[in-house]
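Dear colleague,

Please find below the structure for your attention. My account of what was found follows directly after it.

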Amino acid sequence: MEISNTESIPGRTIVQFYGVVTGNTVRAKHIGRDIMAGLKNIVGGELVGYTELLQDSRKEATDRMIEQARSMGANAVVNVRFATSSISQGAAELFAYGTAVKVE
Amino acid sequence: MESGFLQMLELILNFGLPLLLLMVAYFIGAWIERRHLRSIRNREGDNVQFPVVTFDTMPDDWIASSSTLVSGSVVISLDYFKRVIAGLRSLVGGRIKTYEPLLDRARREAMLRMIERARLDGYDAIFNVRLETSRLANSRGDGKGIAGVEMLAFGTAVKFASRFARTS
């Protein structure tokens with residue numbers, strides 16, 4: 001499965017379009033991480049726990065999108081976009097979407 | 001004598017602690033920022049030869065053999081001192097100088113992580129780079145919880161068909 005955030009896959013041609021595929025995940029923060037982040041919040045700097053949490057979540061959203069594309073019979077996803085929204089306090093939705101295509 | 005001591009203690013607890021916190025935040029925060037900037041500058045120097053562009057199509061002289069989506073992200077928080085300064089600043093309006101380097105650092109860090117990821121996997125260049133910023137909500141309703149900003153950089157990394165395909 002090839003994915004790209006451009007309208008085509010470099011060096012390939014698109015032979016068939018399957019439509020929009022999406023993947024999402026909603027994650028809440030874990031209390032232990034929140035306490036560490038609370039301390040980090042005084043001196044500033046990177047919140048490593050949150051960075052990892054969001055990276056893992058984004059990967060999961062992308063994997064779900066890929067899974068959907070695969071089930072349609074596509075072999076690539078083009079024009080992938082990411083979106084993040086905080087739906088409630090302490091929880092965030094990570095969303096990935098793109099167009100499933102077949103390339104040669 | 002006894003009540004005088006208690007009054008002193010109360011004074012220290014009421015004003016001394018926030019002041020101490022402010023000073024600790026200022027010194028450690030400034031140290032973390034300097035260290036981070038130094039690391040960013042070094043790594044940017046290492047990656048200066050690596051082509052990263054925001055064009056949505058590849059430049060004509062790039063001949064790609066394979067491609068993938070790469071991304072880099074970082075979540076940063078604002079230190080206590082900066083938040084207090086920004087709070088004061090928002091009373092009179094204007095430019096909040098304490099926040100500007102913070103966001104800049106985060107964005108450059110996200111870009112660097114994306115580039116390092118691509119280089120590690122053996123890609124030769126990245127195009128269609130996009131940068132996104134999202135604010136993480138406070139975990140408490142009163143605004144005192146954790147506030148952070150996530151920076152995400154992503155783009156399409158390509159491997160060149162031959163090492164000399166790109167004429168620079």
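In this predicted model, the side chains of B:E100 and B:R95 meet in a salt bridge, with an N to O distance of 2.9 Å. B:E100 counts as partly exposed because its relative accessibility is 35%. B:R95, at 52% relative accessibility, counts as exposed, since the cut-off is over 50%.

Over all chains, the rule gives 16 salt bridges. Another of them joins A:R64 to A:E60, where the closest N and O atoms are 2.6 Å apart. Both residues belong to helix α2 of chain A (residues 48-72), and they are 4 residues apart, about one turn of the helix. A:R64 is partly exposed, its relative accessibility being 42%. A:E60 is likewise classed as partly exposed, with a relative accessible area of 25%.

A further pair lies within chain B: B:R43 and B:E109 form a salt bridge whose closest N and O atoms are 3.1 Å apart. B:R43 sits in helix α1 of chain B and B:E109 in helix α3 of chain B, so this pair ties together parts that are 66 residues apart in sequence. Both B:R43 and B:E109 are buried. These two residues also take part in a network of salt bridges that links A:E46, B:R43, B:E109, B:R113 and B:E116.

The interface between the chains may be of particular interest to you. The size of an interface is often given as the accessible area lost when the parts come together. Here, chain B and chain A bury about 3000 Å² between them, and 56% of that area is on carbon and sulfur atoms. In terms of contacts, 43 residues of chain B meet 31 residues of chain A.

How many salt bridges does the rule find across the interface of chain B and chain A? The number is 2. B:E150 forms a salt bridge with A:R58, and their closest N and O atoms are 3.0 Å apart. As for polar contacts, 9 residue pairs are counted between chain B and chain A, with both residues at pLDDT 80 or more.

Several elements of chain B contribute to the side that touches chain A: α1 (2-46), β1 (64-77), α2 (80-92), α3 (100-120), β2 (125-136) and β3 (148-160) each supply at least two residues. The element that gives the most to this side is β1(B), with 9 residues. By type, the residues on the side of chain B that touches chain A comprise 20 nonpolar, 13 polar and 10 charged.

Strand pairing also connects the two chains. Strand β3 of chain A (residues 45-46) pairs with β1(B) in the antiparallel sense, over 2 bridges. Within β1(B), B:I76 is the bridge partner of A:E46. A:E46 is also a member of the salt-bridge network described above.

Finally, I draw your attention to A:L94, which is found in strand β5 of chain A (residues 91-103). Is A:L94 buried or exposed? A:L94 counts as buried because its relative accessibility is 1%, where the cut-off for buried is under 20%. Leaving aside residues up to four places away in sequence, A:L94 touches A:G23, A:N24, A:T25, A:L54, A:S57, A:R58, A:A61, A:A83 and A:T84. One of these contacts, A:L54, is 40 residues from A:L94 in sequence, while the C-alpha to C-alpha distance between the two is 8.0 Å. Another, A:R58, is the partner of B:E150 in the salt bridge already mentioned.

Yours sincerely

Terms used: Residues numbered from 1 in each chain as written. Chains lettered and ligands numbered in written order. Predicted model: local features only at pLDDT ≥ 70, side-chain atom pairs only at ≥ 80, totals over all residues. Heavy atoms only, no water. Contact = heavy atoms within 4.5 Å. Buried area = accessible area lost by both parts, 1.4 Å probe. Salt bridge = Lys/Arg side-chain N within 4 Å of Asp/Glu carboxyl O. Polar contact = N/O pair within 3.5 Å; in protein donor to acceptor, adjacent residues only side chain to side chain. Nonpolar A, V, L, I, M, F, W, Y, C, P; charged D, E, K, R; others polar. Pairing = 2+ DSSP bridges. Buried < 20%, exposed > 50% of the residue type's maximum accessible area, 1.4 Å probe, protein only.
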